[in-house]
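Here are some notes to read alongside the model, for someone opening it for the first time. Have a look at it before going through the points.

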Amino acid sequence: MASLSFGQVGLGDDGAEALADVIWHAPKLTEVVLEHCEFGCVGLAALAEAIAASTRLRALTVKACTLEEADLVCLLQGVRRSRSLRELALGFSPIGVHEAGAEALGDVVRMVQLERLGLDFTNLGYCGIQSLAQGLACSKTLTDLSLKGNHFGDGSAATLAEAV
């Protein structure tokens, strides 16, 4: 199995820990898609560790999942330590609402060899744009960035343009 997708599922801690175990042990799993899922913080921590340790996972989508600021930071810390991830989509996640999440995103863009990054409808605000721009300025691998549905002004657009 190369791809695993969950949608509109309340995984909770137990389900997220089981998924983490699959990420650790499935020899052909290269993509995980989680849409409209709910996790507990313990399960999300297990997922973050599995993502960080995986040598095969190339694509991760976490879209419209119930994430608080600490959850988002925990997830992004796991992603930041990934050596294999090349595609990350965090659509409809509250990145722009939380300063810590925005900073963690900047770290991911700076440190992970992402080729594609989807940040659609993430409410990127000033902090989010600044952190993203700092990461973009350091990234040598990112070729595709999607920012659909984010409402930022001319100043933020100029900041991003300077970074790329």
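The points below go from the overall fold to the spaces inside and then to a few single residues.

1. Ground rules. This is a predicted model, where local features need pLDDT of at least 70 and side-chain atom pairs count only at pLDDT 80 or more, while totals for chains, interfaces and linings use all residues. Residues are numbered from 1 along each chain as its sequence is written, and side-chain values use heavy atoms, with hydrogens and water left out.

2. Fold. You'll find six helices and six strands in the protein (DSSP runs numbered from the N terminus: H or I of at least four residues for helices, E of at least two for strands). Read from the N terminus, the order is β-α-β-α-β-α-β-α-β-α-β-α.

3. Overall size. The C-alpha trace spans about 45 × 30 × 20 Å along its principal axes. The radius of gyration is 15 Å, which agrees with the value near 15 Å for a compact globule with 164 residues. That radius is taken over C-alpha atoms, and the globule rule is 2.2 Å times the number of residues to the power 0.38.

4. Of the 164 residues, 48% count as buried; the cut-offs are under 20% relative accessible area for buried, over 50% for exposed, and partly exposed in between (1.4 Å probe, protein chains only). Now take the contacts (heavy atoms within 4.5 Å) with a separation of 6 or more: residues 24 or more positions apart account for 85% of them.

5. The largest pocket. Its volume is about 280 Å³. On a 1 Å grid over the protein atoms alone, a pocket is an open set of points with protein on both sides within 12 Å along at least five of seven lines, a cavity is a set where a 1.4 Å probe fits but cannot get out, and lining residues have an atom within 4 Å of a point. Points are joined across faces, edges and corners, and a volume is the space filled by probe spheres set on them.

6. What lines the pocket? There are 17 lining residues, and L88, A89, R116, L117 and G118 lie nearest the centre. The elements giving two or more residues are β3 (59-63), β4, β5 and β6 (144-146), with the largest share, four residues, coming from β3. By class, the lining divides into seven nonpolar, four polar and six charged residues (Ala, Val, Leu, Ile, Met, Phe, Trp, Tyr, Cys and Pro are nonpolar, Asp, Glu, Lys and Arg charged, and the others, Gly among them, polar).

7. The cavity. A search of the whole structure turns up one cavity of 30 Å³ or more, and about 40 Å³ of space lies in the largest cavity. Its lining is made of L34, F39, L44, L47, I51, L60, V62 and L75. The lining has eight nonpolar, no polar and no charged residues.

8. An aromatic pair. Rings of Phe, Tyr and Trp (its six-membered ring) pair if their centres lie within 6.5 Å, with planes under 30 degrees apart counted as stacked, over 60 as edge-to-face and the rest as tilted. By this rule the count comes to one aromatic pair. F92 and F121 form that pair, stacked at 4.8 Å centre to centre with 10° between the planes. F92 is in the loop between β4 (87-89) and α4 (99-111), and F121 is in the loop between β5 (116-118) and α5 (126-138), so the pair ties together parts that are 29 residues apart in sequence. F92 counts as partly exposed at 43% relative accessibility, and F121 counts as partly exposed at 39%.

9. Positive phi values. F92 turns up again here, with a positive phi of about 60° although it is not a glycine. Q8, also a residue other than glycine, has a positive phi near 50°. Q8 is found in the loop between β1 (3-7) and α1 (12-25), and it counts as exposed at 67% relative accessibility.

10. V42. This residue lies in helix α2 (residues 41-53) and is partly exposed, with a relative accessible area of 45%. Which residues does V42 contact, leaving aside its neighbours within four places in sequence? They are D13 and E17.
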